[in-house]
Amino acid sequence: VFDDQGILFLANYNSAQIVRIDPNGNVLNVFASGVANPISLDFNSQGILYTNNNYNNALTSINQNGVKNVLHTSSFNNSSLTIDDNDNIYVSDYNSGVIKKIDAQSQSESTFTNLPIVTGGVGFIIYSQGYFFASAIRDNVIYMIDENGNFQKIAGQEGGAGIIDGIGNVATFDKPNGMVTSPDGKT
């Protein structure tokens with residue numbers, strides 16, 4: 001994930017580190033270490049970096065000085081996280097279609113949505129311009145979810161692994177996982 005200065009923060013799963021990389025691709029420093037198997041990263045509106053930890057199913061916050069705080073342990077194998085405009089955190093489950101919401105104020109956890117995933121679970125989620133996008137890794141599809149948890153499949157073919165560019169169900173994927181959106185949220 002990029003900060004507002006254009007610095008890339010990269011989760012290094014195997015080394016348990018978050019590193020900072022400049023726009024030229026140079027590693028600036030290790031921002032945080034000892035982060036158990038970090039996967040996804042996102043900033044809240046206060047500039048606090050959050051990551052989900054695959055090893056212990058926890059969420060960790062990291063302040064601007066690199067100080068870590070394990071703040072929440074989920075009840076399932078979390079595979080990704082994203083943060084909405086109100087600083088609520090959304091965490092996906094690698095073993096099902098469940099996406100949980102962690103309220104920014106109360107830290108309470110609730111089920112945000114449950115995607116109709118046939119094989120496996122949610123790989124990656126991202127929030128952009130009022131919508132969430134989620135990949136169903138083993139179903140080979142991408143879902144779009146509104147802020148109320150209503151979803152629709154927008155790309156891919158269930159069970160049909162492939163690598164064809166196209167619109168909607170013409171497109172095929174082979175275990176889609178990480179994704180980004182354009183700044184306007186339309187691509």
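## Asp93 and its surroundings

The side chain of D93 forms a polar contact with the side chain of S96, at 2.7 Å. In this predicted model, D93 belongs to strand 9, which covers residues 89-93.

D93 is buried but takes part in no salt bridge. A salt bridge requires a side-chain nitrogen of Lys or Arg within 4 Å of a carboxyl oxygen of Asp or Glu.

## Largest pocket

The volume of the largest pocket is about 1,100 Å³. Its lining consists of 40 residues, and those nearest the centre are V1, F2, L41, D42 and F43.

Four strands each give at least two residues to the lining of the largest pocket: strand 1 (8-12), strand 4 (38-43), strand 8 (78-83) and strand 12 (122-128). Sorted by class, this lining holds 21 nonpolar, 12 polar and 7 charged residues.

## Second largest pocket

The second largest pocket has a volume of about 360 Å³. It is lined by 16 residues, with F133, I142, I154, K186 and T187 closest to its centre. Two or more lining residues come from each of strand 13 (131-136), strand 14 (141-146) and strand 15 (151-156).

The lining of the second largest pocket divides into 9 nonpolar, 6 polar and 1 charged residues.

Note on methods: Residues are numbered from 1 along each chain as its sequence is written. This is a predicted model: local features need pLDDT of at least 70, side-chain atom pairs count only at pLDDT 80 or more; totals for chains, interfaces and linings use all residues. Side-chain values use heavy atoms; hydrogens and water are left out. On a 1 Å grid over the protein atoms alone, a cavity is a set of points where a 1.4 Å probe fits but cannot get out, and a pocket is an open set with protein on both sides within 12 Å along at least five of seven lines; lining residues have an atom within 4 Å of a point. Grid points are joined across faces, edges and corners, and a volume is the space filled by probe spheres set on the points. Ala, Val, Leu, Ile, Met, Phe, Trp, Tyr, Cys and Pro count as nonpolar, Asp, Glu, Lys and Arg as charged, and the others, Gly among them, as polar. Buried means under 20% relative accessible area, exposed over 50%, partly exposed in between (1.4 Å probe, protein chains only). Lys and Arg count as positive and Asp and Glu as negative; His and the chain ends are not counted. A polar contact is a pair of N or O atoms within 3.5 Å; within protein, one must be able to donate a hydrogen and the other to accept it, and residues adjacent in sequence count only if both atoms are side-chain atoms.
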